[in-house]
Amino acid sequence: MKEDLKSRLSGMSYYVTQENGTEPPFNNEFDDFFEKGLYVDIVDGTPLFTSMDKYNSGCGWPAFTKPIQKEDLLYKDDFAFGMKRVEVRSNTADSHLGHVFEDGPKHLGGLRYCINSAALKFVPYENMEKEGYGDYLYLFENKN
């Protein structure tokens, strides 16, 4: 399994998802990216976030106010680097995604899911049906 992932993922994606790494802030694929679509776990393709819930938090990594389904994520206390944080992992592939903080937009629930770009694959809205994510098109209905 690990060898398959090493051959399928970029070095950074493997480091982030399998070795609990963190990509450089402000120097990653989705920090300043705001196209309409779906963000899925790069390891197994589970839909995790939508562009509808992405915002510019200024933290240097993609930030979301909420996941598509909270049950698709695992939350673990993380005491690394002398801080208390809550790590976010994907439930099915157990990929390290990033962390969730309570400093997000208050009017949208107050959470900031700070997620590594390297843990995500972006599926553009216009390709969702073709790539097998047609069941998630409803998330974008009546929203601009």
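Predicted model: local features only at pLDDT ≥ 70, side-chain atom pairs only at ≥ 80, totals over all residues.

Reader: How many aromatic pairs does the rule give?
Author: The count comes to 10 aromatic pairs.

Reader: Why is the pair of Phe30 and Tyr39 called edge-to-face?
Author: The ring centres of Phe30 and Tyr39 are 5.4 Å apart, and their planes stand at 85°. Centres within 6.5 Å make a pair, and planes over 60 degrees apart count as edge-to-face; the pair of Phe30 and Tyr39 is therefore edge-to-face.

Reader: What makes Tyr39 and Phe64 an edge-to-face pair?
Author: Their ring centres lie 5.1 Å apart with the planes at 70°. The angle is over 60 degrees, so the label edge-to-face applies.

Reader: Why is the pair of Tyr39 and Phe64 said to tie together parts that are apart in sequence?
Author: Tyr39 belongs to strand β1 (residues 37-41) and Phe64 to strand β4 (residues 63-64), so the pair joins parts that are 25 residues apart in sequence.

Reader: How do you know that Phe30 and Tyr39 count as buried?
Author: Buried means under 20% relative accessible area. Phe30 has 2% relative accessibility and Tyr39 has 0%, so both count as buried. Phe64 is buried as well.

Reader: Which residues form one aromatic cluster?
Author: The cluster consists of Phe30, Phe33, Tyr39, Phe49, Phe64, Tyr75, Tyr113 and Phe122.

Reader: What makes the charged end of Lys54 sit over the ring of Phe34?
Author: The distance criterion is within 6 Å of the ring centre, together with an angle within 35 degrees of the ring normal. The charged end of Lys54 is 3.9 Å from the centre of the Phe34 ring and sits over that ring. Lys70 likewise lies over the face of Tyr75, at 5.4 Å from the ring centre.

Key
Residues numbered from 1 in each chain as written. Heavy atoms only, no water. Phe/Tyr/Trp six-rings, centres within 6.5 Å; stacked < 30°, edge-to-face > 60°. Buried < 20%, exposed > 50% of the residue type's maximum accessible area, 1.4 Å probe, protein only. Helix = DSSP H or I, 4+ residues; strand = E, 2+ residues; numbered from the N terminus.
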